[in-house]
Amino acid sequence: MARFFFNIHYAETWIEDEDGLELDDLQAAQIEAESVLRELVAMSILQPGRQCPARVQITGGGTGEVGSVKLRAILPPNIVALLPPE
Amino acid sequence: MSHPNYILSLLDPQVLKAMSAHLAVTRLEFGHVVAEPHETIRRVYFPHSGILSCVVETRGGGAIETGMIGKDGVFGALQALDERVSLNRVVVQIDGEASVIEPGKLRQIAMEMPKALDVLMRYEHFFLAQVQQTAACNGLHTVRQKLSRWLLRMHGLAGPDLRLTQEFVANMLGVRRSSVNDVAKDLQAAGLIAYRRGQIRILDLNGVRAAACECEEDLLAHHDRLFNPAIHEGG
């Protein structure tokens, strides 16, 4: 088990995760980050005026970034097709 | 006769006197499981302080809180009255103290003293209203509204300083911990709460009320109708 932190990045700001979550490994953290991003995107759609996050960054305790999930990765393919190339 | 538990404080002095001989006081320790699903309850709890949380767990490992019981209520009375089991898990969410009584003894007193039965049944109606309101809130409102509503209820039962981790709050609301983090930071930036790891302090109760949905206000109105019907008479 290891503690992973999930920082939420918006276009111009970011929300630091100070608490973190104990998970088995990085793969579990990647799945958690994806679920977090899906829920936050849904919240931004349901709540007018709320920003949509651009990505969720995964860090380990003091080890910097160990993973990341971008908005593009969780959007349906027909929506991704409408976006400009990265 | 006054009592730190609201339900016991509503009882006629002679009913409370009869019950007091069978009441003991116990500590409520954080995380202690008061009842497991489908198990016969061993004691009926009348909290003086602290909070009990009724949690529905799903087979996939998820969980969500459906009701809170604090100094305003009682856990286990309905199960005691009909000798049934607890339907869900009930855990201590905030440390405190409670008066407890054996289910059989409470049943005997309630059958012998209709006034006691009346008070217990009114609370069970209120608890059902709370569960229904929570279901509506979980389905219809945003995480910001839900968290604010939840904090209002916590404040009403336990005061402004709450020892709670984001993970715990997320489990109670049935959302991801990061969503709680995101919304809590938003409420903190607005000056409504202060959050440090494991500790939430409500700084601006009216602000939290404004950020919440109408559910807590509606629930308190249900409470008034059941326990103070004179307020609603004539209008």
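Let's start at the interface. In this predicted model, 19 residues of chain A are in contact with 16 residues of chain B. Together the two chains bury about 1600 Å². Carbon and sulfur atoms account for 43% of that area.

Now the charges. Four salt bridges are found across the interface of chain A and chain B. Take one pair: A:E32 and B:R176. Their side chains form a salt bridge, at 2.7 Å from N to O. On to polar contacts. Between chain A and chain B, 10 residue pairs are counted, both partners at pLDDT 80 or more.

Which elements of chain A supply at least two residues each to the side that touches chain B? They are strand β1, residues 2-9, and helix α1, residues 26-46. Helix α1 of chain A gives the most, with six residues. What about the classes on that side of chain A? Eight residues are nonpolar, eight are charged and three are polar.

Where is B:T134? In helix α5 of chain B, which covers residues 114-140. Buried or exposed? B:T134 has a relative accessible area of 9%, so it counts as buried, the cut-off being under 20%. And which residues does B:T134 touch? Leaving out residues up to four places away in sequence, B:T134 touches B:E65, B:T66 and B:R149.

To recap, two things to look for on screen. In chain B, find B:T134 in helix α5, buried at 9%.

Terms used
Residues are numbered from 1 along each chain as its sequence is written. Chains are lettered from A and ligands numbered from 1 in the order in which they are written. This is a predicted model: local features need pLDDT of at least 70, side-chain atom pairs count only at pLDDT 80 or more; totals for chains, interfaces and linings use all residues. Side-chain values use heavy atoms; hydrogens and water are left out. Helices (H or I, at least four residues) and strands (E, at least two) are DSSP runs, numbered from the N terminus. Buried means under 20% relative accessible area, exposed over 50%, partly exposed in between (1.4 Å probe, protein chains only). Contact means heavy atoms within 4.5 Å. Buried area is the accessible area (1.4 Å probe) that two parts lose on being put together, summed over both. A polar contact is a pair of N or O atoms within 3.5 Å; within protein, one must be able to donate a hydrogen and the other to accept it, and residues adjacent in sequence count only if both atoms are side-chain atoms. Ala, Val, Leu, Ile, Met, Phe, Trp, Tyr, Cys and Pro count as nonpolar, Asp, Glu, Lys and Arg as charged, and the others, Gly among them, as polar.
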